[in-house]
Amino acid sequence: MRADAESLNEQITASVALLRRHLDWDAALRRLDELNARAEDPTLWNDAAAAQALMRERGRIADQVEGVQKLEQAVRDSLELVELAEAEGDAATADAAVADLVQLAAEAKRREIESLLSGEADQNDAYLEVNAGAGGTEAQDWAEMLLRMYQRWAEKRGYKITLTEESAGEEAGIKSATVQVSGPNAFGWLKTETGVHRLVRISPFGGNDKRQTSFASIYVYPVIDDKIEIEINPADLRTDTFRASGAGGQHVNKTESGVRFTHIPTGIVAASTQDRSQHKNRAIAMNMLKARLYELELSKREAVSAGIEAGKTDIGWGHQIRNYVLQPYQLVKDLRTNLEKGNPAAVLDGDIDEFMAAALAARVGATRSEASANAR
């Protein structure tokens with residue numbers, strides 16, 4: 001029993017070491033003290049927007065700091081209980097204490113992963129674009145499967161999904177689609193999904209029973225706050241209006257309500273068919289364009305813009321971040337982290353948290369072995 005407790009304690013210690021490092025523990029404590037002092041200033045609420053931003057930051061840091069402190073205290077209490085129970089020969093109490101340590105290890109791992117979401121826009125909502133690669137119906141069906149995967153992932157987290165734009169395939173699937181994902185840390189979780197995704201399967205659209213390879217790309221960027229100023233020169237903008245496609249019947253759009261903006265210097269395109277009002281779609285598309293430009297600047301600052309642009313430009317061989325193999329065997333493999341899962345059905349139903357966590361950890365160079373070394 002003591003061996004189990006010590007093993008769990010080592011796991012938790014490693015996670016806490018990473019937590020403290022990612023939070024920059026001493027700086028976080030100083031910042032929390034500063035925010036607590038400012039929160040007591042009676043003039044704070046003279047600027048409601050600034051006060052709300054301060055309180056949100058204060059709540060976030062307080063949750064992180066108090067979470068670590070409570071976790072460490074709970075571990076100490078459980079370890080002491082295990083020692084006392086073993087000394088008294090109380091196996092039931094010792095079992096209960098070890099069970100508590102199992103739960104604490106899971107909590108530590110969850111907080112360890114969340115601590116990786118420390119980027120400038122990680123707490124924001126996100127736009128997610130999916131585009132089918134070359135290959136007609138096969139690729140368009142794959143694009144729709146990917147879109148459903150992210151929708152199911154978001155639903156499981158309690159996030160809100162809003163379809164902003166969709167271009168249907170000729171026979172099945174979609175050529176492209178954009179959704180807004182709204183929820184805590186939506187962009188932070190989704191940002192590492194940007195890239196090309198490759199599917200290998202027996203085609204459901206042909207009778208030759210041969211394996212087919214299809215590609216689709218995912219691009220994720222943050223929904224930006226109104227306070228973030230993004231200036232766009234009207235001369236750099238091309239505006240197109242079009243009739244939004246639909247399922248037919250009462251849903252057919254008989255007016256050119258769809259709006260598409262093209263930012264000529266960067267080639268970035270943002271479109272919306274979300275509303276029947278062209279005026280509203282214009283506002284939505286402009287917000288998306290500003291968000292794309294903001295994400296591009298973030299990427300440059302993070303020195304990963306080249307990789308993201310390469311993933312967006314070539315939807316095909318050599319640029320994929322993840323393979324989904326349905327035949328002749330069952331496997332999903334992330335090519336950046338080498339993480340594998342042998343249940344593609346579950347992955348395509350939204351079970352992608354492990355892939356996201358591994359990619360986040362790789363992105364900041366965090367590994368459990370490093371944490372263990374730092375903990376010693």
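Modeller: Gln140 touches Ala132, Gly169, Glu170, Ala172, Gly173, Ile174 and Lys175, leaving aside residues up to four places away in sequence. Please keep in mind that this is a predicted model.

Biologist: Where is Gln140 placed?
Modeller: Gln140 belongs to helix H5, which covers residues 137-157.

Biologist: Is Gln140 buried or exposed?
Modeller: Gln140 counts as buried, because its relative accessibility is 9% and the cut-off for buried is under 20%.

Biologist: What about the chain as a whole: how many helices and strands are there?
Modeller: The protein chain has 11 helices and 11 strands. Of its 376 residues, 43% are buried. The chain exposes about 19,100 Å², and carbon and sulfur atoms supply 48% of that area.

Biologist: And what share of the contacts joins residues at least 24 apart?
Modeller: Counting contacts between residues at least 6 apart in sequence, 66% join residues at least 24 apart.

Biologist: Turning to the helices, at what angle do H2 and H3 pack?
Modeller: Helix H2 (residues 25-39) packs against helix H3 (residues 48-87) at about 135°, and their axes are 9 Å apart. That angle makes H2 oblique to H3. The crossing of the two is left-handed.

Biologist: Which residues of H2 and H3 meet there?
Modeller: From H2 the contact includes Trp25, Leu29, Leu32 and Leu35, and from H3 it includes Leu54, Met55, Ile61 and Val65. By class, the contact of H2 with H3 has 12 nonpolar, two polar and four charged residues. Among the residues of this contact are also Arg31 and Arg38 in H2, and Glu57 and Arg58 in H3.

Biologist: How does H3 pack with H4?
Modeller: H3 and helix H4 (residues 91-114) pack at an angle of about 160°, with their axes 9 Å apart. H3 is therefore roughly antiparallel to H4, since the cut-off for that term is over 145 degrees. H3 passes H4 in a left-handed crossing.

Biologist: Which residues are in that contact?
Modeller: On the H3 side they include Leu71, Ala74, Val75, Leu79 and Val82, and on the H4 side they include Ala97, Val98, Leu101 and Leu104. The contact of H3 with H4 divides into 13 nonpolar, four polar and four charged residues.

Biologist: Which residues have a positive phi without being glycine?
Modeller: Asp24 is one of them, with phi near 55°, and Asn338 is another, with phi near 65°. Asp24 lies in the loop between helix H1 (2-23) and H2, whereas Asn338 is found in the loop between E10 and strand E11 (340-341). Asp24 is partly exposed, with a relative accessible area of 47%.

Terms used
Residues numbered from 1 in each chain as written. Predicted model: local features only at pLDDT ≥ 70, side-chain atom pairs only at ≥ 80, totals over all residues. Heavy atoms only, no water. Helix = DSSP H or I, 4+ residues; strand = E, 2+ residues; numbered from the N terminus. Buried < 20%, exposed > 50% of the residue type's maximum accessible area, 1.4 Å probe, protein only. Contact = heavy atoms within 4.5 Å. Areas by Shrake-Rupley, 256 points an atom, 1.4 Å probe, with all protein chains shown as cover. Axes fitted to C-alpha atoms, helices over the stretch in contact; angles between N-to-C directions. Parallel < 35°, antiparallel > 145°, perpendicular 65-115°, else oblique. Left-handed = near helix turned anticlockwise from the far one by under 90°. Nonpolar A, V, L, I, M, F, W, Y, C, P; charged D, E, K, R; others polar.
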